[in-house]
Structure formats: C-alpha cells, structure tokens
Amino acid sequence: MKMENKTVTTGFTLLGFSEYSHQQVLISIMVLLAFFISVLGNFGFLMLMFFDHHLHKPMYFFLSSLSFLDICNTTVTLSTLLDNLFTGNTYISFSLCMTQLYLFMSFEAAEFVLLTAMAYDRYVAICHPLRYAFMMDTKICSSLIVASWIAGALDALPIQVSISQFSFCSFHQINHFFCDPNVLIKLSCSDLYILEILIIIEGIVATVLPCTLTLVSYTCIIKSILKIRSTESRSKAFSTCSSHLIVVIIFYVTLTCMYMRPPSLYSPGLDKLFSLLYTVLIPMLNPIIYSLRNQEVKNAVRKVRFRKQ
C-alpha cells in the first residue's frame with residue numbers, strides 16, 4: 001500500500017523519448033511518417049470499401065470498423081508524442097490525461113471484441129457457407145460492430161474512474177509518450193486493492209473471453225478445412241481467413257509482450273517500443289495485410305487506378 005507524499009494532481013509531464021535527445025530530429029521524422037502512413041492507409045482502405053459496392057459485404061463492414069478504430073487509436077495515443085516532439089510541450093493536464101487513458105483503453109477493448117466478431121464471421125463463412133447470408137446479414141453484422149464499440153466503452157470505464165480517483169506521489173513525471181495505465185498505477189500513492197480486482201475482471205472479460213472465443217472459432221475452421229479433400233478448395237478456404245489470422249496473431253503477441261512480460265524484463269524503453277508497435281505498426285500493417293491477400297480488394301484498387309488514367 002502506497003500512502004506517502006500525496007499531492008493534488010493538476011497535470012503530468014510526459015517524458016516521451018527525452019532520453020534520446022540527440023536523436024530527436026530522426027525520431028520526429030520517423031514518428032510523423034509512421035503516423036501519416038497509418039492514418040492515410042486506413043482512411044484510404046475505409047474509402048475504398050465505402051465506394052466500391054463489390055465490397056459491401058459483412059467481412060468488409062468489419063474491416064471498415066477496424067480501420068476506423070485504428071485511426072482513432074493511433075491519433076489518440078500519438079497526438080501527445082507529436083506535440084512533444086514538434087513543439088517541445090511535455091505537459092498534459094490531469095483531465096486530458098484521464099480522457100486519453102479512457103479512449104486508449106476503450107479502443108483497445110473494442111478491438112479485442114471486433115477481432116473476435118471477425119473470427120466468428122470467418123467461422124460461419126467456412127463452416128456454414130450455405131447459411132452465411134442468413135447468419136451474417138447486414139443487421140447482425142451491424143449489431144456486432146456496435147456491440148464491440150459499446151463493450152469497449154463500458155469495459156474501460158471502471159478502471160479509468162478508479163485511476164482518476166487516485167492520489168499521486170509528488171513526482172508527476174510519466175516516463176512514456178502517452179498516459180499509459182501501467183505507468184499511472186506506478187505513480188499512485190493510493191491503495192490498489194480495488195483496482196487490482198477491476199483489472200482481473202477486465203482482463204477476463206476483455207481479453208481472456210474474446211481470445212477463447214477466437215481460438216474456438218479457428219479450431220472449428222481448421223477442422224473444417226482439413227476435411228476438404230480438394231487441395232485447391234482447401235487452399236482457397238484457408239486464404240479467406242489467413243489475413244485475419246495474421247492480424248490476430250500480431251495483435252495478441254504484441255499485447256502479450258507489452259503487458260504480460262516477467263517483471264525482470266520490464267523497462268520504460270521496452271514499454272515505449274511495444275506501445276509504438278501496437279499504436280503505429282499494427283494499424284499501418286492491417287490495410288497492407290488485407291490488401292495483399294485479398295483478390296477483391298486488389299480488384300477494387302485496380303478499378304481506382306484505371307479510373308485515374
């Protein structure tokens with residue numbers, strides 16, 4: 001229990017990558033480029049699926065929501081870093097910090113649920129192809145997308161409210177580029193018992209449950225694919241879910257490295273690195289992965305190029 005040096009908190013100092021002050025120009029350029037590539041890539045992917053009627057299918061509705069979610073998450077987490085790098089401003093008010101914390105956690109939880117819904121979509125498409133149009137119509141698809149956003153918003157609320165009630169020690173420096181929950185907890189002088197219970201509940205609801213459902217979906221998918229006798233048909237069936245499977249693996253591996261490392265491996269530098277992978281690299285890769293391994297998306301891109309010529 002931490003009970004010393006309590007102070008009224010009006011704001012924090014985000015240290016960002018201050019330990020690499022001699023490389024600030026290079027870091028600034030790389031972060032800005034990664035930010036624009038990520039946002040523009042997902043925005044372009046979003047527009048492509050919006051304007052091409054051939055992509056108005058359940059799977060692409062999910063991909064549109066994922067792209068929008070990635071844009072929101074990247075913008076929320078990198079806004080303070082870009083401000084730090086290009087203006088030198090390291091201060092963030094308490095209210096803005098709590099807002100950023102809530103949005104980051106809600107987007108993260110929403111992505112867990114959305115990826116699970118996408119796994120279910122692939123399960124229905126491969127294991128019940130004749131019933132796909134009935135089981136994944138527009139109404140059901142929209143309901144799953146809305147449910148993922150609502151689940152994310154509700155899941156993040158208890159922990160954000162709990163952290164906002166903390167008393168923080170006099171040392172108000174956050175050794176990160178945004179208001180990461182782990183770093184804020186380490187700065188707290190309050191009793192963490194209630195928060196620890198909330199984190200366990202949140203971990204089960206937002207992480208373990210979606211992960212289990214995703215594993216169940218892909219177990220059924222793999223069993224169904226292995227029953228297909230034709231090699232060509234088996235390869236075609238696997239290709240319909242391979243992009244999503246790659247994204248799921250990258251997402252879960254990154255978050256596991258970010259939040260489930262042994263205590264001996266925790267360091268501010270690694271935390272920032274994995275945070276950049278999650279907030280920049282994954283959103284930047286998602287459109288590329290789905291474009292390279294999806295013939296319908298490739299055809300839609302060719303149509304856009306043909307119209308411009």
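**Helix contacts and their definitions**

Modeller: In helix 3, Phe 104, Glu 108, Glu 111, Phe 112, Leu 115, Met 118, Ala 119, Arg 122 and Ile 126 meet Ala 237, Thr 240, Cys 241, His 244, Val 247, Val 248, Phe 251, Tyr 252, Leu 255, Met 258 and Tyr 259 of helix 8, where contact means heavy atoms within 4.5 Å and helices are DSSP runs (H or I, at least four residues) numbered from the N terminus. This is a predicted model, in which local features need pLDDT of at least 70 and side-chain atom pairs count only at pLDDT 80 or more, while totals for chains, interfaces and linings use all residues. Residues are numbered from 1 along each chain as its sequence is written, and side-chain values use heavy atoms, with hydrogens and water left out.

Colleague: What makes helix 3 and helix 8 roughly antiparallel?

Modeller: Their packing angle is about 155 degrees, with the axes 10 Å apart; angles over 145 degrees count as roughly antiparallel, and therefore helix 3 and helix 8 are roughly antiparallel to each other.

Colleague: Which classes make up the contact of helix 3 with helix 8?

Modeller: The residues divide into 15 nonpolar, two polar and three charged, with Ala, Val, Leu, Ile, Met, Phe, Trp, Tyr, Cys and Pro counted as nonpolar, Asp, Glu, Lys and Arg as charged, and the others, Gly among them, as polar.

Colleague: Why is helix 7 called roughly antiparallel to helix 8?

Modeller: Helix 7 (residues 193–226) and helix 8 (residues 231–259) pack at about 160 degrees, with their axes 11 Å apart, which makes helix 7 roughly antiparallel to helix 8. By class, their contact has 11 nonpolar, three polar and one charged residues.

Technical notes:
Axes fitted to C-alpha atoms, helices over the stretch in contact; angles between N-to-C directions. Helix = DSSP H or I, 4+ residues; strand = E, 2+ residues; numbered from the N terminus. Parallel < 35°, antiparallel > 145°, perpendicular 65-115°, else oblique.
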